[in-house]
Amino acid sequence: CLRQWKPAPVLDTISSLKPTAFIFSGDNVYTDTGFYRFKREPGRIAQAYQQLAEMPEYQTLKKSTRLFATWDDHDYGRNNAGAEYRWKDEAKQQYLNFFDIADDAPLIKRPGIYSVHYLGEAESRTQILLLDTRTFRGPLRQAEPNEECPRSRLVATEDESRTLLGDDQWDWLSAQLRQPAALRLIVSSIQVIPDGHCFEKWGNFPHERERLIQLIRETDARRTIIISGDRHLGEISVLQGTDNTFPLYEITASGLNSAGAGKGERNPYRISDDNVRV
């Protein structure tokens, strides 16, 4: 979550640590809020990326670090948007241009921006799986306004035909999880394990959430960590294993210069003393 019109000194801190790589997990620019909400689509997407390109902190990070990125809704083009979004092809082109995606990259020839990357070799090989939770996502379900979720009104769908990743991306993910790796990072723009809050999450598609968890375990993809963003807060969640399964961890790291949400929000999966953010 990076508001491109605001300073982002955290990027200078990250650059100073000299990381091997940095992963943008979505909302890398905001194309539909602030000044940009008055601009026409899809031109405002290019303008938002241009403003980020001119940010000194981003320029320093780009020069010193290998960057990976997927998108969420605000850089995709519209809050909570999915497969229905009219300008998704134009948004993809802006993503390709900004992040210097190679002309021969597999994602060039297929819908969406999901991709796989590797760092290190042999026993230290790390697999980075960048999911696309926007291009193929079916309609969200909204309930009537209520005290628990007065703003978003998002609730879990009961329609199991509604997808989050789409058939082709599911097939691709299944194949990738069977590739050898010492460590796997599954990057999802929205949270996977926490399922009790009122905002976008895999829990809005409970059948898809369960499918992902089962796929990770069925492929015996141990040492897998989910990386997520979106929420403007930071937390680590764990889905405990059983006698026959291994635990699954998720690190939510959000945002870069837009944070402070979720105060008092309960998450029974959170690693903490009382499961309450303070």
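Strands E7 and E8 (residues 224-228) run parallel and pair over 5 bridges; strands count as paired if DSSP finds at least two bridges between them. Helices (H or I, at least four residues) and strands (E, at least two) are DSSP runs, numbered from the N terminus. To get from E7 to E8, the chain passes through helix H7 (residues 206-218), and this β-α-β crossover is right-handed, that is, clockwise from the first strand over the helix to the second with the strands pointing away from the viewer.

A quick word on the model: it's predicted, so local features need pLDDT of at least 70 and side-chain atom pairs pLDDT 80 or more, while totals for chains, interfaces and linings use all residues. Residues are numbered from 1 along each chain, and side-chain values use heavy atoms, leaving out hydrogens and water.

E7 also pairs with strand E4 (residues 126-130), again parallel and over 5 bridges. Here's who faces whom:

| Residue | Opposite residue |
|---|---|
| Leu-130 | Val-187 in E7 |
| Val-187 | Ile-227 in E8 |

Of the 6 residues in E7 (residues 183-188), 5 are buried (under 20% relative accessible area; exposed is over 50%, partly exposed in between; 1.4 Å probe, protein chains only).

Now for helix H3 (residues 56-64), where Glu-57, Tyr-58 and Leu-61 are buried. They sit on the same side of H3 because they span an arc of only 95° around the axis, taken from the directions from the helix axis to the C-beta atoms. Exposed Pro-56 and Lys-63 are on the face turned away from that buried side.
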